[in-house]
Amino acid sequence: MSTAGAASGASAPVALEGRHIGAVLLLALLWGFNWPAVRIALDEIAPWTLRTIGLSLGGAVLMGVAWMRGLPIAVPARAAPVLVLTGLLSIAAFNILLAFAQLAAPTSRAAILTFTMPLWAALFARLLLGERLDGRKRAGLVLGVLGLAALGVPLVLAGAWSYGLLLALGAGMAWALGTVIGKRHPVPASALVIAGWQLLIGAAAAAAGMLAFEGLPAPVLPGPKVLAALAYHVLLAQALAYLVWFAALARVPAGTMSLGTLLVPVVGVLGSMLLIGERPAVTDWLGLALLVAAAAAVLPRPRLS
């Protein structure tokens, strides 16, 4: 999931219509079910290879759409370092860490922990941008700490803590840091082009890791289940989801779109239960509820007219 659009989209207030709400719900479904789809694909496809395929296609689709719309593809040379850094953090580190997190920890818990991103973003914005932590953000941070405690303490006491959960936290932090750096040093280009470049930069980093650690993938056709999960990941959760995101972002306030992403971990947990048979504990549900409430507190409020 790219954050370029949310970071740069300062949409004017609009009246929300049914199709706008439908777009937000569709994105929650597409990105939420991507969690179990990726976990299924990882059964037969190595993590670096999977990310190379998905990010390459997603970036190519966004750049193709930008070209068809007549948007300038090039960015000023002075902005290239920021674009590379945000692409490595928000896309490459985020996606690669998550792939390994899902191999080492339950997908549902990884999904929950990754969406601590708004909390880290609030902290990084305070440190790097000097943004004030108002009452809502302080409440969100308290809820976030409680949510992490609800998830982590029972696992530690039961001896079931996994380094995969640290990777998921790291993914959320990388996503947040890349977003805040992009806000601190905005790239003078459309959000669509920025996201396209970020995905291609992430794909290049994943390809380098693939060649270094996995080598070129063998020309072996995956099994039907894995092939279906891979098709869902690259065609729906990457290509279609990004097109829907930017089409909706042009008409819906960015705050509303960001709040809509709070549904993603919920769908991810439910999808993991349905498709891969995970059974979250009561403390997982409590942690999910607290972290979604925390993210809702720190994200921008949607503006309606």
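Is Trp-175 buried or exposed at 4% relative accessibility? Trp-175 counts as buried, where buried means under 20% relative accessible area, exposed means over 50%, and partly exposed covers the range in between (1.4 Å probe, protein chains only). The model is predicted, so local features need pLDDT of at least 70 and side-chain atom pairs count only at pLDDT 80 or more, whereas totals for chains, interfaces and linings use all residues. Residues are numbered from 1 along each chain as its sequence is written, and side-chain values use heavy atoms, with hydrogens and water left out.

The aromatic contacts come first. A pair of aromatic rings is described by the distance of the centres and the angle of the planes. Rings of Phe, Tyr and Trp (its six-membered ring) pair if their centres lie within 6.5 Å; planes under 30 degrees apart count as stacked, over 60 as edge-to-face, and the rest as tilted. In one of them, the ring centres of Trp-48 and Phe-100 are 6.0 Å apart and the planes stand at 65°, so the pair is edge-to-face. Helices here are DSSP runs (H or I, at least four residues), numbered from the N terminus. Trp-48 is buried at 15% relative accessibility, while Phe-100 is partly exposed at 27%. Together with Phe-213, Trp-48 and Phe-100 form one aromatic cluster.

Trp-175 belongs to an aromatic pair with Phe-115, which is edge-to-face, with 5.5 Å from centre to centre and 90° between the planes. Phe-115 lies in the loop between helix H6 (107-114) and helix H7 (117-129), and Trp-175 lies in helix H9 (residues 163-184), so the pair ties together parts that are 60 residues apart in sequence. Phe-115 is buried, with a relative accessible area of 8%.

Another salt bridge joins Asp-43 to Arg-39, with the closest N and O atoms 3.0 Å apart; Asp-43 is exposed, at 56% relative accessibility. Between Glu-131 and Lys-137 the closest N and O atoms are 3.6 Å apart. Glu-131 is partly exposed at 22% relative accessibility, whereas Lys-137 is buried at 15%. Lys-183 is linked with Glu-131 and Lys-137 in a network of salt bridges.

Ala-46 lies in the loop between helix H3 (34-41) and H4, and Ala-46 is partly exposed at 29% relative accessibility. Ala-46 and Pro-217 are 171 residues apart in sequence, yet their C-alpha atoms are 8.5 Å apart in space.

Definitions and conventions: Helix = DSSP H or I, 4+ residues; strand = E, 2+ residues; numbered from the N terminus. Salt bridge = Lys/Arg side-chain N within 4 Å of Asp/Glu carboxyl O.
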